[in-house]
Amino acid sequence: MAEITWPWQYNFPPFFTIQPHSETRAKQLEAWETLIIDYLKASKQSTIDIRESQNTPLFNNAAIERKLSQEAVLTILEDMAKTGKAAPVDKSKNVWEIYWHSLDEWGNMIYNWACNNGMNNSVCTLFELREGDNTADQEFHGLDMNVLVKALKRLELKSRCELMEFDDSQGVKFF
Amino acid sequence: MRRRAGVGAIQKQRLEQEKYREKGSEIQENQFQQMSKQLEVFRDNLEDFATKHKNEIKKNAQFRRQFQEMCAAIGVDPLASGKGFWSVLGIGDFYYELGVQIVEVCLATNYKNGGLITLEELRTRLIAARGKAKTHQDITNEDLLAAIKKLKIFGNGFTIVPVGKGKWLVQSVPGELNLDQTLVLQKANSLGTAWVSAGILTGDLRWNETRAQNALDHMVKEGLAWVDSQDSKETLYWFPSMFAECVSA
């Protein structure tokens with residue numbers, strides 16, 4: 001379980017009911033989005049399965065007996081999708097990827113790391129990027145594989161790198 | 001047979017009236033002169049007093065309150081105008097400065113409390129923002145109330161809602177709370193729960209269903225209350241401004 005400091009809203013019972021008043025709801029959604037991102041960041045996760053959302057303490061505060069309904073989670077995630085902070089993975093919108101940084105930001109972060117470490121024109125595996133000792137202090141260390149690939153594909157579009165397939169793993173070459 | 005009044009008597013009467021009138025205006029004149037003189041003396045003294053105690057007024061809360069009380073007793077409002085001889089007191093400046101700081105605190109916390117804040121929270125935050133010197137810390141509730149009253153000249157943007165003995169809420173969003181809404185806040189305050197429900201209002205205040213629901217709906221619409229539909233019994237209406245964790249956040 002992730003260790004985070006819960007915001008005051010987490011213990012505020014109505015926080016778990018989507019608010020009818022638009023201004024209040026906007027504040028509520030904003031607080032939820034920050035909380036979701038902080039929580040996933042701390043636990044190094046990038047996906048949320050709405051069907052299982054009520055099993056996580058993030059959406060279920062047992063102490064005050066309040067939980068966020070599945071529809072409410074969907075409302076929040078759809079709002080996050082508007083700003084590129086989340087995207088549904090399946091058509092039924094059950095599984096979502098959450099980007100604590102946008103894909104472009106992730107891409108730039110990785111590219112900067114590559115440049116700073118003289119990795120230009122050399123190949124490294126995605127495993128190295130995610131698990132290697134060299135990236136242990138980087139924010140993208142341990143990043144979800146799917147998100148990592150998507151971020152690199154964005155970079156590829158900008159001709160900053162090229163993804164390549166090996167026998168059993170994937171690699172990337174930075175330019 | 002009764003004698004009718006003669007011309008002589010009428011003229012005599014008129015002459016007397018004339019004399020009375022003359023005497024009257026003479027006395028009035030005298031009194032006016034005396035008053036002017038007194039006022040002048042008073043003004044001089046007050047100016048002396050002010051220049052002598054200017055710092056005291058700014059720094060000492062106790063002194064400030066006594067001064068306010070003294071002014072109230074003689075029916076003058078030292079804050080009514082920045083012009084004229086009251087301005088030399090510098091007491092207005094103190095409250096204007098406080099007013100600006102109050103506005104700042106209210107705006108800074110609006111995002112979480114929807115524009116409703118307890119006077120205690122306002123005071124704590126304001127003192128924290130004013131700096132550590134003792135003179136900056138010595139702000140009483142009376143000072144704040146006086147300063148907020150002055151903010152009324154900007155329209156109904158800042159109002160004080162009394163919610164119980166020695167307890168106030170400060171509302172910093174335009175739109176006046178009606179009596180029912182004030183009663184709702186008082187109820188929530190006296191329960192100490194930060195929430196109320198239609199059931200409580202109908203039960204404790206003997207309101208009918210519609211009256212209770214109207215008041216609550218309106219407060220939701222103003223962004224002052226949050227709806228909580230997960231209570232086992234009924235819908236609860238929460239006020240972040242009274243929720244302890246929100247206040248200290």
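**A helix and its surroundings**

Author: The buried residues of α3(A) are A:Trp106, A:Gly107, A:Ile110, A:Tyr111 and A:Ala114; buried denotes 20 or more other C-beta atoms within 10 Å of the residue's own, exposed 12 or fewer, and partly exposed in between, with C-beta atoms placed from the backbone. Seen down the axis of α3(A), these buried residues fall within an arc of 130 degrees, so they line one face of the helix. The arc is that of the directions from the helix axis to the C-beta atoms. This is a predicted model, in which local features need pLDDT of at least 70 and side-chain atom pairs count only at pLDDT 80 or more, while totals for chains, interfaces and linings use all residues. Residues are numbered from 1 along each chain as its sequence is written, and chains are lettered from A and ligands numbered from 1 in the order in which they are written.

Reader: Which residues are exposed on the other side of α3(A)?

Author: A:Asn112, A:Cys115 and A:Asn116 are exposed there. Just after α3(A), A:Gly118 adopts a positive phi of about 60 degrees.

Reader: What covers the buried residues of α3(A)?

Author: The cover includes α4 (126-131), α5 (145-157) and β8 (170-174) of chain A. Helices (H or I, at least four residues) and strands (E, at least two) are DSSP runs, numbered from the N terminus.

Reader: At what angle do the axes of α3(A) and α5(A) cross?

Author: Axes are lines fitted to C-alpha atoms, for helices over the stretch in contact, and angles run from 0 to 180 degrees between N-to-C directions. Here the two axes come within 8 Å and cross at roughly 80 degrees. That makes α3(A) roughly perpendicular to α5(A), a term for angles of 65 to 115 degrees.

Reader: Which residues of α3(A) meet α5(A)?

Author: Two residues are in contact if their C-beta atoms, placed from the backbone, lie within 7 Å. From α3(A), A:Leu103, A:Asp104, A:Trp106, A:Gly107, A:Ile110 and A:Tyr111 meet residues of α5(A), among them A:Val147 and A:Leu155. The residues of this contact comprise eight nonpolar, one polar and three charged. Ala, Val, Leu, Ile, Met, Phe, Trp, Tyr, Cys and Pro count as nonpolar, Asp, Glu, Lys and Arg as charged, and the others, Gly among them, as polar.

Reader: How many residues of chain B are in contact with chain A?

Author: In chain B, 17 residues are in contact with 14 residues of chain A. β5(B) gives the most to that side of chain B, with three residues.

How values were computed
Parallel < 35°, antiparallel > 145°, perpendicular 65-115°, else oblique.
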